[in-house]
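Me: Could you take a close look at one helix in this model for me, and at what packs around it? I'd like the cut-offs spelled out as you go.

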Amino acid sequence: MNRYPVASSLLLAVAVAVNHDCPHQANGCGGTAEERAEEAKRRARLVSLDAPWNEVREAVVDACGLQVQQSTSHCFQDFNHVDCCTMDSTRQHETNEASRVAGMHAVNYLGSHIVDASISERGPGGSWCTCQISSPEDVCHRQFGARTAFKLVWCRGTGFAALLDDYANVLSHGKPTSARGEPPAMGGARAREQSWRVLDESKNASWASRWRAACDEVQYGAKAEAAEAEEHDEL
Ligand SMILES: *[C@@H]1O[C@H](CO)[C@@H](O)[C@H](O)[C@H]1NC(C)=O
């Protein structure tokens, strides 16, 4: 029985698909905790973003598989800690010493925080709200060799927020409200602009164009559809 050629071509197909998603990673996105990532995405689709920001943020933290507690109080609350990274248990103690993400601390040891804050029922491995700077050559993709389950994007720095998976598919979107200042709490409007700039000015043009297209859908998609419907009414 000659099973090997089939097996190796399958492996090759998987390797190529995986490598496409984690730029410049020898092992592709092999550090992804797949079950946790699926669960995080499933829950992200259920998060309503048309709600008060403090409730939205806690729902997003929970969807990511993280406990809402002191150690996660900065998560999704500034321009940078907006990636929901779900990583394999073999990778969660890795530091930035080998991956050398630009702009990040050379060590960036997160392992003990990840173990402490991750909700274990969401699947093997752990979760963390990693830094998006240098995206897609960021902490999740490089330090952990993992796909982001989702990222919180403030579209073009406006109040329109979206949760996008790692292919920039829109999982949920809306416009969070806030009684006390503009969201997010750490930086407000300035943080939203800075957060968008990281994506818009990404060194990887293909990722940047996917993020822009997703935001077109979020910001103008509904309007475009409504205009189209109106046009049909007139016919
Ligand atoms: C952009 O990312 C893709 C992976 O999605 C990678 O194949 C490509 O080499 C990257 N481009 C640059 C300029 O780094």
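Reply: Happy to! Helix H2 (34-46) and strand S3 (148-154) are among the elements that cover the buried residues of H3. Helices here are DSSP runs of H or I with at least four residues, strands are runs of E with at least two, and both are numbered from the N terminus. Before going further, please keep in mind that this is a predicted model: local features need pLDDT of at least 70, side-chain atom pairs count only at pLDDT 80 or more, and totals for chains, interfaces and linings use all residues. Residues are numbered from 1 along each chain as its sequence is written.

H3 itself spans residues 53-63, and its buried residues are Trp53, Val56, Arg57, Ala59, Val60, Val61 and Ala63. A residue is called buried if 20 or more other C-beta atoms lie within 10 Å of its own, exposed if 12 or fewer do, and partly exposed in between, with C-beta atoms placed from the backbone. Just after H3 comes Gly65, with a positive phi of about 90°.

Now for the core. The largest nonpolar core holds 53 residues, and Val60, Cys64, Val153 and Ala162 have the most contacts inside it. Such a core is a set of buried Ala, Val, Leu, Ile, Met, Phe, Trp, Tyr and Cys residues joined through C-beta atoms within 7 Å. H3 gives the most to this core, contributing six residues.

Setting aside neighbours within four places in sequence, Ala162 is in contact with Val153, Cys155, Val170, His173, Ala214, Cys215 and Val218. Contact here means that the C-beta atoms of two residues, placed from the backbone, lie within 7 Å.

Of its 235 residues, 43% are buried. Among contacts between residues at least 6 apart in sequence, 69% join residues at least 24 apart.

The buried residues of H7 are Ala191, Arg192, Ser195, Trp196, Val198 and Leu199. They lie on the same side of H7 because they cover an arc of only 150° around the axis, taken from the directions from the helix axis to the C-beta atoms.
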